[in-house]
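Student: Can you walk me through this protein? I'd like the plain version.

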Amino acid sequence: MNWAQTIVLSIVQGLTEFLPVSSSGHLNIVSRLFWGEDAGASFTAVIQLGTELAVLVFFAKDIFRIVKAWFKGLLHKECRDDFDYKMGWYVIAGTIPIGIIGFFGKDLIRDNARSLWLTASVLIIFSFVFLAAEKWGPQKRDFDQLTLKDSLIMGFAQCLALIPGVSRSGGTISAGLFIGLKRSVATRYSFLLAIPAVLASGIFSLPDAFNPVHGQAASALQLGVGVVIAFVLGYASIAWLLKFVEKHSLNWFAGYRIVVGIIVLILLGTGVLAA
C-alpha cells in the first residue's frame, strides 16, 4: 500500500465511519476506483481504531460514569437500580451478537462479502430501511427508557454492518427508530454500542493487516498515520452528526446512498470498476 492510498482511505474512514453511509463500503469503492484493488477488511478494521478512539474521547465522561456505576453495582446490590449500571449491561449484551457472528464469519467477511456488486446493491436496498424507519418509527422514547430488549435488538442490527454497504450506525439507528427511540437517542446509543466491537475487531486484525491473506499490506507507520487521521476527522464527524440528527432525518443519507449505489453499479456495468 502506498502513502497516497493510506492518507486518502484514512480521510474517507474518518469522514464516513459515524455517518449512516457505510465507511467499509466507501473504503472499498474508493480503493478500487483509484487504485484498482481493495485495501482489505483488516486495514479497514485497524484504522477504525482511530475513529473509535474519537468515540472514547468524545464520550469520555459518559463512559467513565457508566463503567464506574457498573463496577459499583457489581459490588453493592443497592446500586443496581442506577440507570448507568444497567447501561453497562446493555452495552455488553448488545455486543454479544456481533462478537459471535463476527468471529465465526470472519473469513466470509474478509473475502466474499466485499464484492462491489454486493456493496452497491446494499447501499441502495438498505436506504429504503432508513426511509421506512423514519416514516413508521414512533420516536417517542428518551435515553433513560432504554431496555435490555432494545440493546439486543440494536445489537443484532449492528451485525448487518459486517456487510459493506449497510453501515453500523445506519443499522443500529434504524433499529432504534423502529422500536420507538428518538433519533438522537438511537444515534447516541449506537456510538456507545460500537465501542467494544470495533476495538476488538481492530486489535484482532492487527497481525493480518501487516501480512494480509486478502487485501494489501500496510506498514506500522502507515497504520499509525491512518489511525491519527481517522481520529481527528472522526471526532469532528461525531459532533456534526449528533447536531444534525436533532433536526434532520436519515432520509438525506438514504438519498445520498441511492445515488452512490447507482453510480457504482453503472461503473461496474461499463467495466470502469472491477468487482
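This is a predicted model: local features need pLDDT of at least 70, side-chain atom pairs count only at pLDDT 80 or more; totals for chains, interfaces and linings use all residues.

Student: OK. How many helices and strands are there?
Tutor: Twelve helices and zero strands. These are DSSP runs, numbered from the N terminus: helices are H or I with at least four residues, strands are E with at least two.

Student: How does its radius of gyration sit with the globule rule?
Tutor: The radius of gyration is 18 Å, close to the 19 Å that the rule gives for 275 residues, so the protein is as compact as a globular protein of that length. The radius is taken over C-alpha atoms, and the rule is 2.2 Å times the number of residues to the power 0.38. Along its principal axes, the C-alpha trace spans about 60 × 40 × 35 Å.

Student: What share of the residues is buried?
Tutor: 53% of the 275 residues. Buried means under 20% relative accessible area, exposed over 50%, and partly exposed in between, with a 1.4 Å probe and protein chains only.

Student: Which residues touch the most others in the largest nonpolar core?
Tutor: Y189, F191, I238 and F253, out of 37 members. Helix 10 gives the most to this core, seven residues. A nonpolar core is a set of buried Ala, Val, Leu, Ile, Met, Phe, Trp, Tyr and Cys residues joined through side-chain atoms within 4.5 Å. Another core lies apart from it, with eleven residues, including L9 and F43.

Student: Why would such residues end up together?
Tutor: In soluble globular proteins, nonpolar side chains tend to be buried together.

Student: Back to F191. What is it in contact with?
Tutor: Leaving aside neighbours within four places in sequence, F191 is in contact with F18, V55, F59, I238, L241 and L242. Contact means heavy atoms within 4.5 Å.

Student: New topic. How many cavities of 30 Å³ or more are there?
Tutor: One. The largest cavity has a volume of about 60 Å³. E17, F18, E52, R168, S169, S190, F191 and A194 line it. Helix 10 gives three of those residues, the largest share.

Student: What makes a cavity a cavity, and not a pocket?
Tutor: On a 1 Å grid over the protein atoms alone, a cavity is a set of points where a 1.4 Å probe fits but cannot get out. A pocket is an open set with protein on both sides within 12 Å along at least five of seven lines, and lining residues have an atom within 4 Å of a point. Points are joined across faces, edges and corners, and a volume is the space filled by probe spheres set on them.

Student: And the second largest pocket, which classes line it?
Tutor: Ten nonpolar residues, one polar and no charged. W70, M87 and P196 are among them. The pocket holds about 240 Å³.

Student: Last one. Is R32 buried or exposed?
Tutor: R32 counts as buried, because its relative accessibility is 18%. R32 is found in helix 2, residues 23-35. Beyond its neighbours within four places in sequence, its contacts include E37, D38 and R114.

Definitions and conventions. Residues are numbered from 1 along each chain as its sequence is written. Side-chain values use heavy atoms; hydrogens and water are left out. Ala, Val, Leu, Ile, Met, Phe, Trp, Tyr, Cys and Pro count as nonpolar, Asp, Glu, Lys and Arg as charged, and the others, Gly among them, as polar.
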